[in-house]
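Hello,

Here is the structure I said I would pass on. Please look through it first, then read my notes below.

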Amino acid sequence: MGVTLSRPGAARFRNPCAQHLRSQAVADLSELQAIASSCQGCRLASGRTTVVFGEGSPSATLMVIGEGPGRDEDLQGRPFVGRSGRLLDRLLAEEAGFERDAVYIANVVKCRPPDNRDPKPDEIEACRPYLDAQVALVSPKVVVTLGNFASKTLLRSELGITRLRGSVYPWPSEGDSPGLGGTVVVPTFHPAAALRGGGEVLAAMRADFVRARRCLEAVPVRGKGPL
Ligand code: URA
């Protein structure tokens, strides 16, 4: 586990690029992004154009986590800017009531896997401290995980997305360090699956984004008093 909260709004971050630095305090997302931008923590570094760190509101109540950058994302340095991203924007707006700017969007791996292959377990592990630190720093109430890789990684589960979706899970999951009480994970399919698979997958995703909105409505916003 790469992150322990030292105080609200800060994260202690174990840098996979510099194992001799056991850990370092990271004050905010900009500082974390600066570290990630030169990361050589796994083989994906050699093939990337840019590190696609993530973007959005640093105080978002809703965070979305995808798998990894594709070609468009690698070129532009921004997550979900291609066809999957356009569908994600629609689901956020139509079912959860959020404009893209109001949420925080990140990926499990920050560098594009060659030929859009699946990220490998050691690549996910190398990138995990960044993801954990992002979740800790944003401290969202709800995290929507898109597809197998994001859902299994966040929930530390061997179950596939078809089994995981339809329920809401507490985060951190067992085995992670405590510190973010109240955050829940809502797993759903990856937008690419809806683009490939048509109606049923899309209907399930719509239901999951409604579920995310209901979770937000049910949970008081931290530090802003009861709803
Ligand atoms: N798919 C992902 O999982 N992430 C992106 O950023 C783009 C496509």
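**What was found**

The chain has 8 helices and 9 strands; helices (H or I, at least four residues) and strands (E, at least two) are DSSP runs, numbered from the N terminus. This is a predicted model: local features need pLDDT of at least 70, side-chain atom pairs count only at pLDDT 80 or more, and totals for chains, interfaces and linings use all residues. Residue numbers start from 1 along each chain, as its sequence is written.

Of the 227 residues of the chain, 46% count as buried. A residue is buried if 20 or more other C-beta atoms lie within 10 Å of its own, exposed if 12 or fewer, and partly exposed in between, with C-beta atoms placed from the backbone. Residues 24 or more positions apart account for 67% of the contacts in the chain with a separation of 6 or more. Two residues are in contact if their C-beta atoms, placed from the backbone, lie within 7 Å.

The largest nonpolar core has 61 residues. Such a core is a set of buried Ala, Val, Leu, Ile, Met, Phe, Trp, Tyr and Cys residues joined through C-beta atoms within 7 Å. Those with the most contacts inside this core are L32, L62, M63, I65, V142 and A212. Leaving aside residues up to four places away in sequence, M63 touches V103, Y104, V135, V138, P140 and V143.

Helix α1 (residues 29–36) packs against helix α4 (residues 121–138) at an angle of about 170 degrees, with their axes 10 Å apart. Axes are lines fitted to C-alpha atoms, for helices over the stretch in contact, and angles run from 0 to 180 degrees between N-to-C directions. α1 is therefore roughly antiparallel to α4 (under 35 degrees counts as roughly parallel, over 145 as roughly antiparallel, 65 to 115 as roughly perpendicular and the rest as oblique). On the α1 side the contact is made by L29, L32 and A36, and on the α4 side by Y130, A133, Q134 and L137. By class, this contact has 6 nonpolar, 1 polar and no charged residues. Here Ala, Val, Leu, Ile, Met, Phe, Trp, Tyr, Cys and Pro count as nonpolar, Asp, Glu, Lys and Arg as charged, and the others, Gly among them, as polar.

**The ligand**

Which residues surround the ligand? They are G66, E67, G68, P69, G70, E73, P79, F80, S84 and N107, where near means that the C-beta atom, placed from the backbone, lies within 6 Å. This shell has 3 nonpolar, 5 polar and 2 charged residues.

**Two positive phi values**

Most residues other than glycine have a negative phi. F80 has a positive one, near 50 degrees, and lies in the loop between α2 (71–76) and α3. F80 counts as buried because 26 other C-beta atoms lie within 10 Å.

R156 also has a positive phi, near 45 degrees. R156 follows α5 and lies in the loop between α5 and α6 (161–164). With 11 other C-beta atoms within 10 Å, R156 is exposed. In helix α5 (residues 147–155), 8 of its 9 residues are buried.

E94 is found in helix α3 (residues 83–96). E94 counts as exposed because it has 12 C-beta neighbours inside 10 Å. E94 and R206 are 112 residues apart in sequence and 8.5 Å apart in space, C-alpha to C-alpha.

Regards
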